[in-house]
Amino acid sequence: MTGFMASHVDDEMLFCETHYARYGNERTNIYGLAPFESRFLTYLNRPDEFPSHRYESLPSEPSPPKHQGLGRKVRHFMTASAAELTAFVSMDGYWNYVCIPVGLEAGKSEVIAMDVFEEHSDKSRFVVALAVAEKYDTENQETQVSYSLRFYGHQHAPKSFLEQTLFGLGESSQIIPLTYPPMQLSHVQINYEGRQQTAFLMASTDGIMHLYVQDSSRLFVPISAGTYFPLLGRISDHRIKILFLHILTYQGKIAICAGGQNGELFLSFYDNEGVECKSHAIRLFSPITSVLLFHPRVSKHLKEDEPLHLVVTCAIEQAMVYKSVQINGLSRSRVLPQSSLYDSVLCSHVMDVDWDGEQEILIGTYGRQVLIYKQLEGTEDYTVLWRRQFAYPIYRMSHLDLNIDGLDELIVITMYGVHIFQPNMKKARKRLLDVLMYVESSKRQKYELLLDWQRQKELEKAIVFEPQ
């Protein structure tokens, strides 16, 4: 099953769909995708079914190879349907996806949001957080819904291999009952009790930003978010219902953007000491469905004055890009054309789709469209570069090198499944050849300049000055 329909003749100009995985149980939610980086080695062999295989339990054979320590960082992603947690594990030339048993009951439990992190500081940790709604019957035979925040993997050390760690997540858990329905989950680094720790942030319909961190007994406990991030404290004080939050860490600094149910848009900046140095707030006409802070240029080494842009998508209004928000705050924006033509925009993402070193903007709509925008050279305006229609609403997007071939796949999460798109290999090959030719030309030019310099030096030495 392909799960999409072509939108125009040249719709494979950038990507071609190579895989579709439908959720086994019901549907997902808009917070049901969590990419993560892992240094744990993987060991499950290449399956006969290319390019992927679904594992519902660890095979008894073959056994894992002898553990040789942690490997390089590799990106994977985890997704959740109503009552099923699935991890897509990147491998050389292929990928596997494993169904993680965490005790959720189909038809009764529903995962509202999820997040995951792995860290290797004083000890290795692999922790998954789930916000869950669960149906139960009262004494009067009425069906009610309870809410909880659940943590997995935090009370025991990870196994030697990623697949073993994933299948062992359900061995222990911590369940924190919630009074109000939870919303988005994310994580952030904070200095807690004298050391850096990763804490989980949870938005909730009670208008409070909840922060959870592990104490000395390895249990997660609630602490005040406003103590570490004054913006989140102000949001909680005014009981503003946040639908989407994005935290960007760059050059030791932190930028936080939050979008609210009633159109509130907040942006704050924190310096290397964690002190809030700038804060901005405006109100839009529509509920804000996603916010995304990003640097427009792709680089591992950002300049000190590298601009920072912000994508904001709304349930009713057009999607917008706020430019250079460190300088301009929320005062200067550009509309993404056609973004209001396909029902509500639900999500946004950025990636360099054409390998030119500049980030393109992607949005996904309830009207089943993914649109990719490119900034017009020499202007601040954007144009539609690519569009694809799917069978179901678009909930989330991401990108990562799922088959570790050096090119990132585009991951699109719809209401009922996961779509994996491979970049156009012909365009990738052409781009690579262009870069290699440019490098070779630069080397040749430098070599010729060096020869000219050497010849000039030799001529200068050969010059004989007649005495006066």
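Predicted model: local features only at pLDDT ≥ 70, side-chain atom pairs only at ≥ 80, totals over all residues.

Colleague: Which sheet holds E15, and which strands are at its edges?

Modeller: E15 belongs to an open sheet of four strands, ordered E12-E13-E14-E15, with antiparallel pairing. Strand E12 (182-192) and strand E15 (220-224) are the edge strands, as each pairs on one side only. On average, neighbouring strands in this sheet are turned by 35° against each other, direction ignored. The axes behind that angle are lines fitted to C-alpha atoms, and angles run from 0 to 180 degrees between N-to-C directions.

Colleague: Why are E2 and E28 called edge strands?

Modeller: They sit in an open sheet of four strands, E2-E30-E29-E28, again with antiparallel pairing. Strand E2 (15-22) and strand E28 (394-400) each have a single partner strand, so one side of each has no neighbour in the sheet. Neighbouring strands here are turned by 20° on average, direction ignored. Inside the sheet, strand E29 (residues 409-414) and strand E30 (residues 417-423) run antiparallel and share four bridges, with Val-412 opposite His-419 in E30.

Colleague: How do you know that Cys-257 is in no disulfide?

Modeller: A disulfide is a pair of cysteine sulfur atoms within 2.5 Å. For Cys-257 the nearest cysteine sulfur, that of Cys-314, is 11 Å away. Seen from Cys-314, the closest cysteine sulfur is in Cys-257 at 11 Å, too far for a bond. The structure holds zero disulfides.

Colleague: What makes Cys-257 and Cys-314 count as buried or exposed?

Modeller: Buried means under 20% relative accessible area, exposed over 50%, and partly exposed in between (1.4 Å probe, protein chains only). Cys-257 has 0% relative accessibility, so it counts as buried. Cys-314 has a relative accessible area of 1%, so it is buried as well.

Colleague: Why is strand E21 described as largely enclosed?

Modeller: Six of the six residues of strand E21 (residues 309-314) are buried, so the rest of the structure largely encloses it. Both faces are covered: one side has His-309, Val-311 and Thr-313, the other Leu-310, Val-312 and Cys-314.

Colleague: Which strands pair with E21?

Modeller: Strand E20 (residues 288-294) runs antiparallel to E21, joined by six bridges, and Phe-294 has His-309 as its bridge partner in E21. E21 also pairs with strand E22 (residues 320-322) in the antiparallel sense, over three bridges. There, Val-312 stands opposite Met-320. E21 and E22 form a hairpin with five residues between them.

Colleague: Why is Gln-369 called buried?

Modeller: Gln-369 has a relative accessible area of 3%, so it falls under the buried cut-off. This residue lies in strand E26 (residues 369-375).

Conventions:
Residues numbered from 1 in each chain as written. Heavy atoms only, no water. Pairing = 2+ DSSP bridges. Helix = DSSP H or I, 4+ residues; strand = E, 2+ residues; numbered from the N terminus.
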